[in-house]
Every structure is written in structure tokens, then in C-alpha cells.
Amino acid sequence: MEAGALRHRVAIQEPVEARNSYNEVIVTWALVAVVWAWVAPLSGREFFAAEHVQSEITHRVRLRYRAGITPEMRVVMNDRVLMIQSVIDRGERRRELELMCKEAR
């Protein structure tokens, strides 16, 4: 992956559970990393079906390989939040990750 293609600065965040004064579980987001990425909206709709559940994928995010990225995390770009639906190690060479994401509204 060429460095020039990575033109978006994005934050990768993971959920952290905490408890409030009423002992209720509250989910907050902790910063994992700030990285350069290539972010592109998908044209049309791509659907992945898993056990009769369909998720609409709206964006593809590519970044240099980084261990530990999971579908429970999210990508934040400016004021947009992209929930990671799947993590793909392109070519399975641990050089580049492709994140299939759904924009949170």
C-alpha cells in the first residue's frame, strides 16, 4: 500500500464498560490508535448474510496492518462514526487491513 493513498486521519476506538452511581453499565469509547487510512463509500449496497441477519456495509477502510483490530471496535473520522462489521487481512500477509464498516446515524 502506497503512503499517498492513506489520506484520511482516523481514530480507532474500542468499547469500555463502566458503572454509574446507580450501578448501571455504561459503554464509553477508549482510543486505541490514530492512524492514516484510505476511506471510501461503497457504490450501491453490499450485504453480508450471517444466520439470517443482514448488515448494510456503507464504507470500506484500508490501513496498514495492525494486530488486535476487531469488529467490536469503531472508526471515527472527523464527526463521522463507522462501526466495523468485518476485518479482512488483505492477501493474508499482515501488510494491510480492510475494514468493512457501517456508518452510525
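Author: Let's start with R74, which stands opposite M83 in β5. This is a predicted model, and strand β4 (residues 74-77) has the highest mean pLDDT among the elements of the chain, at 97. β4 pairs with strand β5 (residues 80-89) in the antiparallel sense, over 4 bridges. The two form a hairpin with 2 residues between them, and N78 in that turn has a positive phi of about 55°.

Now hop across from M83: its bridge partner in β6 is K102. β5 and strand β6 (residues 96-103) run antiparallel too, joined by 7 bridges. They also make a hairpin, this one with 6 residues between the strands, and here G91 in the turn has a positive phi, about 75°.

Back to R74 for another contact: it is touched by A11, a residue in strand β1 (residues 8-19). Leaving out residues up to four places away in sequence, A11 also touches V75 and V76, along with L31, A33 and V34. The C-alpha atoms of A11 and A33 are separated by 5.8 Å, though the two residues are 22 apart along the chain. A11 has a relative accessible area of 15%, so it counts as buried, the cut-off being under 20%.

One caution before you zoom in elsewhere: strand β2 (residues 25-50) has the lowest mean pLDDT of the elements, 81. Over residues 46-53 pLDDT stays under 50, and the model has 14 contacts beyond four places in sequence for that stretch. Where pLDDT is low, the predicted coordinates should not be read in detail. For the chain overall, pLDDT averages 87, and 86% of the residues score at least 70.

Terms used
Residues are numbered from 1 along each chain as its sequence is written. This is a predicted model: local features need pLDDT of at least 70, side-chain atom pairs count only at pLDDT 80 or more; totals for chains, interfaces and linings use all residues. Side-chain values use heavy atoms; hydrogens and water are left out. pLDDT is the predictor's confidence in each residue, from 0 to 100. Contact means heavy atoms within 4.5 Å. Buried means under 20% relative accessible area, exposed over 50%, partly exposed in between (1.4 Å probe, protein chains only). Two strands pair if DSSP finds at least two bridges between them.
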